[in-house]
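Good morning, and thank you for making time for this item. Please have the sequence and the coordinates open as we proceed.

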Amino acid sequence: MKSNTTYIFYILTLTLSLNFIGCNKSIPFNSNTWKSTSSYSYKKNDITDRQKMLKDMLQVIKGKSKLEIIKLLGPGKKTAYFKKTENNLVYLLGPERSFFSIDNEWLLLNFDKNEKLTSHSITTD
C-alpha cells in the first residue's frame, strides 16, 4: 500500500508539470501588443503576452540599433532596481515564472558605444 507521501508527491509532480507545460506557450512578436500595458499584467494561471512573445522578439531585435529597438518595443522603463543601466533598456516582462511567484521578471538589453545591441539578460527584482 502506498503512503500518503507518495500520493502527495504524485499530485505535486502532476500539478507542477501542468503548470510548466502552460508556461511554454509562445506567440509571434507584435509591436503594438508589446507596447500595451496589459502585455505585462498578471494573468491568472497563465504567463503574460510579453513572456509569450519573448523568444520571437529576441530574434526580431537581433543586430538592431537602440533607436530601432525603441521604435519596436517602446522607450523602456525607468526603475530604481536597475539604476546602473545608463546605456541599456529595461522592460518589465511580468510576474516571475515560478511556482511561488513573488518577484517580477525584467528584460535588460545591453548596447555598445555605437548603440548596437550586444546582449540581453532576464532577471528578477
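Let me begin with a question: where is Ala 80 found? Ala 80 sits in the loop that lies between α4 and β1. What we have here is a predicted model, and that should be kept in mind throughout. At a relative accessible area of 59%, Ala 80 counts as exposed, because the cut-off for that class is over 50%. Ala 80 and Asp 125 are 45 residues apart along the chain, yet 10.0 Å separates their C-alpha atoms.

Let me now step back to the chain as a whole. Its secondary structure consists of four helices and three strands. Read from the N terminus, the order of elements is α-α-α-α-β-β-β. The chain has 125 residues, of which 31% count as buried. Considering contacts with a separation of 6 or more, 43% come from residues 24 or more positions apart.

I turn next to α3. This helix has 13 residues and spans 17 Å from its first C-alpha to its last, close to the 18 Å expected at 1.5 Å a residue.

In soluble globular proteins, nonpolar side chains tend to be buried together. In this model the largest nonpolar core has 16 residues, and Trp 34, Met 57, Ile 69, Leu 73, Tyr 91, Leu 107 and Leu 109 are those with the most contacts inside it. At least two residues of this core come from each of α3, α4, β1 and β2. The greatest contribution is from α3, which gives five residues. Taking Met 57 as an example, and leaving aside neighbours within four places in sequence, its contacts are Phe 29, Trp 34, Leu 73 and Leu 107. Another core, of five residues, lies apart from the largest one; among its members are Val 90, Leu 92, Trp 106 and Leu 108.

How many bridges join β2 and β3? Strand β2, residues 104-111, pairs with strand β3, residues 117-124, in the antiparallel sense over seven bridges. Within this pairing, Leu 109 has His 120 of β3 as its bridge partner. The two strands form a hairpin with five residues between them, and in the turn Glu 115 has a positive phi of about 65°.

I close with a residue in a loop between two helices. Ser 39 is located between α2 and α3. Is Ser 39 buried or exposed? Ser 39 is buried, because its relative accessible area is 0%, and the cut-off is under 20%. The side chain of Ser 39 reaches the backbone oxygen of Thr 33 at 3.5 Å. Not counting residues up to four places away in sequence, Ser 39 touches Thr 33, Trp 34, Thr 48, Asp 49, Arg 50 and Leu 93.

Terms used:
Residues are numbered from 1 along each chain as its sequence is written. This is a predicted model: local features need pLDDT of at least 70, side-chain atom pairs count only at pLDDT 80 or more; totals for chains, interfaces and linings use all residues. Side-chain values use heavy atoms; hydrogens and water are left out. Two strands pair if DSSP finds at least two bridges between them. Buried means under 20% relative accessible area, exposed over 50%, partly exposed in between (1.4 Å probe, protein chains only). A polar contact is a pair of N or O atoms within 3.5 Å; within protein, one must be able to donate a hydrogen and the other to accept it, and residues adjacent in sequence count only if both atoms are side-chain atoms. Contact means heavy atoms within 4.5 Å. A nonpolar core is a set of buried Ala, Val, Leu, Ile, Met, Phe, Trp, Tyr and Cys residues joined through side-chain atoms within 4.5 Å. The expected span of a helix is 1.5 Å times one less than its number of residues.
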